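Trainee: Could we go through this model together, starting with how its strands are arranged and then turning to what is packed around them?

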Amino acid sequence: MRLVVFGANGPTGRLATELAMARGHVVTAVTRRPESFPVRGENLRVVGADVLDAAAVDAAVAGQQAVISTLGVPYTKETVRTYSEGAANMIAAMRAHGLRRLVCVTSTGTSGEHAEGETFTFKKIIAPILLRMGRTVYEDMARMEKVVSESGLDWTVIRPAGLFDGDGVTDYRAEPRRLPGRFTSRTDLADLLVREATEDLHVGQFIDVVTTTGAPTFAQMFIREALHIGK
């Protein structure tokens with residue numbers, strides 16, 4: 001299958017590209033910095049493009065069979081538009097070229113719900129802090145979800161929990177409801193992205209994905225992600 005991956009130079013995008021090629025698919029990896037893209041392969045085409053450039057997105061989508069978005073934006077106080085405007089450009093290009101399948105990543109932070117059995121401390125202290133820190137990002141993710149869900153395409157939006165680097169694909173959970181679990185391995189997320197794009201598992205649904213084995217604690221995540229210790 002011919003797949004185009006937007007945001008391909010991020011951690012999840014690189015993993016999705018590698019997994020897709022390993023499973024025999026032909027991948028077009030779209031990144032603003034193609035010269036720094038580390039993945040190589042016979043079934044790989046690397047394209048330099050900005051997702052906010054409608055013409056560049058159109059050119060990247062031409063000739064594909066499915067679109068995967070792994071766009072990522074760091075927390076910022078500034079207004080974010082990468083997710084929503086990028087999705088709008090992808091959708092316009094897909095309509096122009098007759099594509100139907102679109103799979104995107106957002107976050108459990110957009111759902112406005114807590115998993116059953118979540119602790120008081122997490123619901124009342126930790127989650128509000130995280131949502132405030134990423135407010136502009138989550139707001140644009142929500143706009144992206146609206147644009148995608150109203151597109152009329154065969155879409156799936158995947159909502160991972162807190163992302164971490166895992167060693168391999170696990171027996172993760174992926175369901176159309178708010179799942180218990182605070183973390184998602186990027187490898188598990190990449191696996192689900194490729195499977196959704198090629199197998200049409202949950203068309204027209206928002207899907208939570210959580211890693212159930214080998215997930216870190218909040219203390220470990222703070223050390224790894226916030227302080228960048230051990231990298």
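Predicted model: local features only at pLDDT ≥ 70, side-chain atom pairs only at ≥ 80, totals over all residues.

Trainee: Which residue in S10 is the bridge partner of Glu175?

Mentor: Strand S8 and strand S10, the latter covering residues 205–210, run antiparallel and are joined by three bridges. With at least two bridges needed for a pair, the S8 and S10 strands qualify through their three. Within S10, the residue bridged to Glu175 is Asp208.

Trainee: Which strands stand at the edges of the sheet?

Mentor: The sheet is open and has eight strands with mixed pairing, in the order S3-S2-S1-S4-S5-S6-S10-S8. Two of these strands have a single partner strand each, so one side of each is left without a neighbour in the sheet, and they are S3 (44–48) and S8 (173–175).

Trainee: Is Glu196 buried or exposed?

Mentor: Glu196 belongs to helix H6, residues 186–199, and this helix lies across S1, S4, S5, S6, S8 and S10. The contacts of Glu196 beyond four places in sequence include Val103, Ile158 and Ile207, while its side chain makes a polar contact of 2.6 Å with that of His202. Because its relative accessible area is 0%, against a cut-off of under 20%, Glu196 is buried.

Key: Residues numbered from 1 in each chain as written. Heavy atoms only, no water. Helix = DSSP H or I, 4+ residues; strand = E, 2+ residues; numbered from the N terminus. Buried < 20%, exposed > 50% of the residue type's maximum accessible area, 1.4 Å probe, protein only. Polar contact = N/O pair within 3.5 Å; in protein donor to acceptor, adjacent residues only side chain to side chain. Contact = heavy atoms within 4.5 Å. Axes fitted to C-alpha atoms, helices over the stretch in contact; angles between N-to-C directions.
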